[in-house]
Amino acid sequence: MHEPENRRPPAHTAWRWALIGVAVVGAAAAFGYVGGWLAPDRLTPKRIIDALQNNAGVYPGYRRNHPKGVCVMGRFESSGALSPYSAAQLFSPGTSTPVVGRLAIPGGNPYAGDSSAPIRSFALRFDMADGEQWRTGMNAMPVFPVTTAKSFYDLQVATHPDPATGKPDPQKAGAFFSAHPEAGPFLAWIKTAKPSASYTTETYRSLNAFYLRDKAGQKHAVRWQVVPEHPETGDGGPAAGDTDYLAADLAKRLGQGPVRWHLQMILATDGDPIDDATKIWPDDRQVVDAGTVVIDRMEAQANGPCRDVNYDPTILPQGIEVSNDPLLVARSAAYADSYRRRTTEEAHVPGTAQPKEKQ
Amino acid sequence: MNRADTFHPFARVLHWLMAIAILSMLFIGAGMVTSVESKHAWLLAIHRPLGMTIFVLALIRLGFRLAHPPPPLPADLPEWQKLAAHASHWLLYALMIAMPLIGWGMLSAGNYPVTLGAGLRLPPILPADGPLFGWLRDAHRYLAWLFFLTFLAHMGAALMHGLIRRDGVLQSMTGGKPPV
């Protein structure tokens, strides 16, 4: 090292300090911008989850959307019919893949009545033999109301319950829907939709499109659905005033034996919208029956194997890929924030929301 | 120029390579958790393999550092600054190694497949455990902030050595000619 006495004192010391300051503050500002602190208008996963919480309240430890549900376990038995379209190992003929699933109702309140919405959801995680996973979150509805994350966020804001009535302000909701004609097919459907008396009689759809990739490297755009093998409606629906009939119905049915859905892949043809979950595909598209989802057990979610699963729809095995549908990335990003919140709450990380003391 | 005044060329190459990688990594991490558009997906796709690259480079660098002591700090550097220099360097080493391990462990605890892309997948290093995921996820976030703050201090100190003290410390890593 150089001896101090050999060094000349630097000229323009103030400017030199200023330069150092600019470098440090500039780097910090760039980080602050990228990290969103200096860009409060950016739509972030946090803002989406905050909007859901703002509508439904905070229920520590629970998912921020579809928090009421049950864990279901079973397997997927591949028919082999999909193996020409996807290289994923779970579609090879005769393959049986364990699944951990979750049947749930929408909304943000884990204590909501089962009839609070005419929609049910089915999430599945396929645990493949080689350690790969496929996760999917499906809904029993034909289309999604909106195309983008921004519209989804705006929809949450527009349907925020009025504190006076506990219901969304019809004017705000109306204004949202007139500004979003893409919600037309969803609105037309939900007008006549009725809450089903059973989880097991519903057809659950991916809504978003994906690509299958076959062994030759060819891509095939698809949406998928699980269709109940026995779509009968059963014994006429729940008793009046019963708000928790879905889990009871499922327990009763599983007591009689496994419940089955067929996993159907719907292949797009040229021109079908791949990036827009608000659009219905025509009925005449080729359908491939990939196999059977067999559910033979259920467990309450409080300590069940589905509790700590984030059903992020972008977790896919080789042979299935995301499409350009903007909702897919947004779901992945927002689910990750919901998962972070509820697992840190479960862990009692200081500063996280905690359940109120039991009465 | 006295070569004992500078870091070994291999250490300098590793330093600057990792400086770019780590700074990119911090920005990628901050950007991916605050975006919901397609960039969220591609930032995430870079974050994991880049993190593992940094982990491997950090182990190589730590080994090399232990075998090749760095040039000494100037004798006239105030004691507290020497202490701060040593403490921040070891903190940076600890974070370079801990952050990828926490990320890997966190994905394992979340029972996520630890995919690096191109069909490459790492085995889990922790059992699936939601609350453990929660702890590690928050640790990953707060240590990333600490990492960035330590980087700012490191960069500020390096510039102070180069522009104010002009004592050859900055040049020991840039390989440039120290001022006389």
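Biologist: How many residues of chain B are in contact with chain A?
Modeller: Counting chain B's side gives 43 residues, and they are in contact with 47 residues of chain A. Contact here means that the C-beta atoms of two residues, placed from the backbone, lie within 7 Å. Bear in mind that this is a predicted model, where local features need pLDDT of at least 70, side-chain atom pairs count only at pLDDT 80 or more, and totals for chains, interfaces and linings use all residues. As for labels, residues are numbered from 1 along each chain as its sequence is written, while chains are lettered from A and ligands numbered from 1 in the order in which they are written.

Biologist: Which helix of chain B gives the most to the side that touches chain A?
Modeller: H4(B), with 15 residues. H1, H2 and H4 of chain B each put at least two residues into that side. Helices (H or I, at least four residues) and strands (E, at least two) are DSSP runs, numbered from the N terminus.

Biologist: And how does the side of chain B that touches chain A divide by class?
Modeller: Into 23 nonpolar, twelve polar and eight charged residues. Nonpolar covers Ala, Val, Leu, Ile, Met, Phe, Trp, Tyr, Cys and Pro, charged covers Asp, Glu, Lys and Arg, and the others, Gly among them, are polar.

Biologist: What share of the contacts in chain B join residues at least 24 apart?
Modeller: 67%, taken among contacts between residues at least 6 apart in sequence.

Biologist: Which residues of H3(B) are buried?
Modeller: The list is B:Leu95, B:Met96, B:Met99, B:Pro100, B:Ile102, B:Gly103, B:Trp104, B:Gly105, B:Met106, B:Leu107, B:Ser108 and B:Ala109. Their cover includes helices H1 (9-32), H2 (38-67) and H4 (130-165) of chain B, along with strands S1 (114-117) and S2 (120-122). After H3(B) comes B:Asn111, with a positive phi near 60 degrees.

Biologist: At what angle do H3(B) and H4(B) pack?
Modeller: About 155 degrees, and their axes are 9 Å apart. Axes are lines fitted to C-alpha atoms, for helices over the stretch in contact, and angles run from 0 to 180 degrees between N-to-C directions. That makes H3(B) roughly antiparallel to H4(B); the cut-offs are under 35 degrees for roughly parallel, over 145 for roughly antiparallel, 65 to 115 for roughly perpendicular, and oblique for the rest. By class, the contact of H3(B) with H4(B) has 19 nonpolar, six polar and one charged residues.

Biologist: What about H2(B) and H3(B), which residues meet there?
Modeller: From H2(B) there are B:Gly51, B:Met52, B:Ile54, B:Phe55, B:Ala58, B:Leu59 and B:Leu62, and they meet B:Tyr93, B:Met96, B:Ile97, B:Pro100, B:Leu101 and B:Gly103 in H3(B). By class, the residues of that contact are eleven nonpolar, two polar and no charged. The two helices pack at about 145 degrees with their axes 9 Å apart.

Biologist: Switching to chain A: how many helices and strands?
Modeller: Seven helices and ten strands. Chain A's C-alpha trace spans about 95 × 60 × 40 Å along its principal axes, and 42% of its 359 residues are buried. Among contacts between residues at least 6 apart in sequence, 72% join residues at least 24 apart.

Biologist: How do H2(A) and H7(A) pack?
Modeller: At about 65 degrees, with their axes 8 Å apart; H7(A) is residues 326-346. That makes H2(A) roughly perpendicular to H7(A). H2(A) brings A:Pro45, A:Lys46, A:Ile48 and A:Ile49, while H7(A) brings A:Ala333, A:Ala334, A:Ala336, A:Asp337, A:Ser338 and A:Arg341. Those divide into six nonpolar, one polar and three charged.

Biologist: And what does A:Ala56 touch?
Modeller: Leaving out residues up to four places away in sequence, A:Ala56 touches A:Gly107, A:Gly108 and A:Asn109. A:Ala56 and A:Gly107 are 51 residues apart in sequence, yet 7.4 Å apart C-alpha to C-alpha. A:Ala56 sits in H2(A), residues 45-56.

Biologist: Why does A:Ala56 count as partly exposed?
Modeller: Because it has 19 C-beta neighbours inside 10 Å.

Note on methods:
Buried ≥ 20, exposed ≤ 12 C-beta atoms within 10 Å, placed from the backbone.
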